[in-house]
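Please look over the model shown below before reading on. The paragraphs that follow begin with its disulfides and then turn to a sheet, the helices beside it and a loop.

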Amino acid sequence: MRKAFATLVATTLLLSGCTATLETDTGDGLDARVALLLPERKASRYEAGDQPYFAQKLAELCPDCTVDYRNAEQSAQTQLQQAKEALDQGAKVLVLTPVDSVAAGQIVTEAKNRNVPVISYDRLVLKTAVDYYISFDNAKVGALQAAALLQALGTKAAQGEILWINGSPTDNNATLFKQGAHAGLDGKVKVAAESDTAEWNPDNAKAWTAGVLPTLRGRTIVGVYAANDGTAGAAIAAMKAAGLPQVPVTGQDAETAALQRILVGDQYMTVYKAIRAEAETAATLTNDLLRGKKPTETANVDNGAGQVPSILLDPVTVTKDTIATTVVKDGFVTPGALCAGQYADACRAAGIV
């Protein structure tokens with residue numbers, strides 16, 4: 001991991017060989033309100049992971065603090081209104097995953113006007129000075145996806161073309177995933193068609209895939225670059241409906257449904273981002289900010305308005321061969337949830353149960 005905050009010195013997070021040191025001051029007497037503003041529910045991680053992990057860790061560090069959780073349901077305007085309401089109700093820190101990385105600058109401005117710090121969480125706010133940024137190395141996510149797809153394709157990379165499905169154009173992370181993937185794949189594969197996916201909505205990805213496939217008759221699709229598990233599942237469903245053979249498909253987020261697809265061979269890989277570590281890092285920084293403890297030394301990421309103090313965690317490739325030693329070992333998914341019903345035999349074959 002990049003150089004961690006020098007003043008955060010008590011708790012150690014270990015993630016894929018990366019170390020971040022974070023303070024765990026649980027001093028008494030602090031009663032504060034914190035706004036956790038998440039962007040959507042289409043990706044299961046926000047409701048199932050980020051929100052509870054953040055709330056649990058902050059409750060541990062600051063028992064009398066209140067988490068004001070709001071989900072914008074993919075509307076930048078809703079998110080702005082939610083932020084204003086949270087500030088009106090006394091939020092002392094905003095932890096913000098923007099729906100729209102540029103439009104979210106309005107939220108930051110509203111907070112700045114009230115001297116409330118903003119942590120840009122998971123997605124970076126662009127073109128407006130923000131206080132802190134906590135995420136993963138998102139260009140590396142794309143690079144991991146590209147490397148895995150090339151490995152899966154082998155010699156087939158020269159024998160056909162791939163479909164390319166990016167994330168939402170309003171999400172800076174999607175831009176970084178795309179950049180990392182293109183750096184790894186350009187010149188090594190032929191792209192039959194490429195599209196961004198509005199709002200990260202799998203329905204949009206499925207509709208695009210179903211619509212583009214008839215225009216590619218007579219051409220051989222040998223793989224799919226999909227930016228996350230939702231778009232991967234959508235592409236796989238559309239290709240099955242069109243009667244096409246199984247091909248390697250990338251993904252991201254290590255959703256249970258995606259891991260199950262990997263077990264049975266429908267999807268080749270996903271990228272695991274240890275959401276618990278990310279959320280707990282954000283909660284710890286929030287606690288420190290509430291107590292007036294501001295970091296003095298950090299890594300920096302340019303958001304177009306200047307250098308943002310940042311913590312970037314490492315993403316991890318997950319394939320069928322590594323499910324047991326990554327997401328299962330970390331407790332990110334339980335064998336009971338992963339191996340239910342029709343997936344029991346595949347789990348046994350993968351050494352999970």
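Predicted model: local features only at pLDDT ≥ 70, side-chain atom pairs only at ≥ 80, totals over all residues.

The sulfur atoms of Cys-62 and Cys-65 are 2.0 Å apart, and the two residues form a disulfide, because a pair of cysteine sulfur atoms within 2.5 Å is taken as one. Cys-62 is buried, its relative accessible area being 0%, and Cys-65, with a relative accessibility of 15%, also counts as buried, because the cut-off for this word is under 20%.

The link of Cys-339 and Cys-347 is left-handed, with -90° about the S-S bond. Cys-339 is buried at a relative accessible area of 10%, and Cys-347 counts as buried at 0% relative accessibility. The count of disulfides comes to 2, and when the bonded cysteines are counted along the chain, the disulfides follow the pattern 1-2, 3-4.

The next feature is a sheet. Strands of a sheet pair through backbone hydrogen bonds, and the pairing can be either parallel or antiparallel. Here, an open sheet of 3 strands has the order S9-S8-S10, and its pairing is parallel. Strand S9 (190-195) and S10 stand at the edges, where each has a single partner strand, so one side of each is left without a neighbour in the sheet. Neighbouring strands of this sheet are turned against each other by 20° on average, with direction ignored. Strand S8, which covers residues 161-165, pairs with S9 in the parallel sense over 5 bridges, and Glu-161 has Lys-190 in S9 as its bridge partner.

Helices pack on this sheet as well. Helix H4 (residues 138-153) touches S8 and S10, and the direction of H4 makes about 165° with that of S10. Helix H6 (residues 202-212) packs on the sheet by touching S8 and S9, and the direction of H6 makes about 150° with that of S8.

From strand S10 (221-226) the reader can move on to the loop between this strand and helix H7 (229-241), for this is where Asn-228 lies. Is Asn-228 buried or exposed? Asn-228 has a relative accessible area of 5% and is therefore buried. When residues up to four places away in sequence are not counted, Asn-228 touches Trp-200, Thr-250, Gly-251, Gln-252 and Asp-253.

Definitions and conventions:
Residues numbered from 1 in each chain as written. Heavy atoms only, no water. Buried < 20%, exposed > 50% of the residue type's maximum accessible area, 1.4 Å probe, protein only. Helix = DSSP H or I, 4+ residues; strand = E, 2+ residues; numbered from the N terminus. Contact = heavy atoms within 4.5 Å. Pairing = 2+ DSSP bridges. Axes fitted to C-alpha atoms, helices over the stretch in contact; angles between N-to-C directions.
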